[in-house]
Amino acid sequence: MTSSSQDSPFRHERTERDLAPQFVLPLVVRIEKTAPPARTDALETAARAVLVLLSDERALGEGEWARAVRDWQDARIRKVVRRARGAEWRRAETLDGITVTGESAQVRVFPPVPLDGWPGELAKLQVSGTDLDDPGPHPAPDPAGPVLWLNPEVRMSAGKAMAQAGHGAQLAWWELPDALRTAWREAGFPLAVRTADPGLWRELTGGGLPVVRDAGFTEIAPGSCTVVADHPALRTLRRVD
């Protein structure tokens, strides 16, 4: 699977992927009334959560989640972010999944489920209400580290942006060779999420890096470019090619 405009799993045109049974990757972000997470930290934590699940032994080979992950990846690569607090969060933690913690955010990712087959504890959770803020500006990202760049012209709720950041991280993961995947995982999946300025965005989208093109199921127009996955190793691999 690649990130080209011809065969990206995030394209809106109807393809063979739409004929397969559809699955979704559930993510739940903890948003307590008195201590909501910072927006950027929530986005970064969601992206890491996707990578942690993809690299977990339960999702690989003959692992207990492997079939669900394969079925999900054979169809549209959908991710849905819901919010929980208090008892809702505690119930979500009892289900099979992985909790990833950032500086202020906690995100729990679960193995894929059928589009219309969410576990009851998760189906009750709200998708709306994930609007989050950052307490202040963020420093420039480490030029030697992976960055998921957001389109400066597309407005998204925090929940939608978390899903899109997860898509970008997943595309980068797919394109890396095994040795570089291992190195990234062993380092704890460092990454940053930032909004590109318009000039940089034009450069990034024309540079051959993985680009997320949204299917348009929610919030934004079909085919919108939302994220560019700028992993330094991918830049090196393209120079070699």
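Is Thr 45 buried or exposed, and what is its relative accessible area? Thr 45 is buried, because its relative accessible area is 0%; buried here means under 20%, exposed over 50%, and partly exposed in between, with a 1.4 Å probe and protein chains only.

Hello everyone, a word on the ground rules. This is a predicted model, where local features need pLDDT of at least 70, side-chain atom pairs count only at pLDDT 80 or more, and totals for chains, interfaces and linings use all residues. Residues are numbered from 1 along each chain as its sequence is written, and side-chain values use heavy atoms, with hydrogens and water left out.

Let's start with the overall picture. The protein chain has 8 helices and 9 strands; these are DSSP runs numbered from the N terminus, helices being H or I with at least four residues and strands E with at least two. Of the 241 residues in the chain, 52% are buried. Take the contacts, meaning heavy atoms within 4.5 Å, between residues at least 6 apart in sequence: 78% of them join residues at least 24 apart.

Back to our opening residue. Thr 45 sits in helix H1. Setting aside neighbours within four places in sequence, Thr 45 touches Val 100, Thr 101, Gly 102, Ala 105 and Val 107.

Those numbers lead us to strands S3 and S4. S3 covers residues 98–101 and runs antiparallel to S4, with 4 bridges joining them; two strands count as paired if DSSP finds at least two bridges between them. A hairpin through 4 residues links S3 to S4, and Thr 99 has Arg 108 in S4 as its bridge partner.

S4, residues 106–109, also pairs with S1, in the antiparallel sense over 3 bridges. There, Val 29 stands opposite Val 107 of S4. S1 has another partner in S2, this time parallel, over 7 bridges. S2 itself is mostly covered, with 5 of its 7 residues buried.

Now look at Val 24, which is in strand S1 and stands opposite Arg 78 in S2. Why does Val 24 count as buried? Because its relative accessibility is 0%. Beyond the neighbours within four places in sequence, its contacts include Trp 72, Val 80, Pro 112 and Trp 118.

Ala 68 brings us to helix H2, residues 66–74, whose buried residues are Ala 66, Ala 68, Val 69, Trp 72 and Gln 73. They lie on the same side of H2 because they cover an arc of only 165° around the axis, the arc being that of the directions from the helix axis to the C-beta atoms. What covers them includes strand S1 (23–30), H1, strand S2 (78–84) and helix H5 (158–175).

Last stop, the second largest pocket, with a volume of about 280 Å³. A pocket is an open set of points on a 1 Å grid over the protein atoms alone, where a 1.4 Å probe fits, with protein on both sides within 12 Å along at least five of seven lines; lining residues have an atom within 4 Å of a point. Points are joined across faces, edges and corners, and the volume is the space filled by probe spheres set on them. There are 13 lining residues, and Arg 39, Leu 150, Val 154, Met 156 and Thr 195 lie nearest the centre. Helix H1 (39–55) and strand S7 (192–195) each supply at least two residues of this lining.
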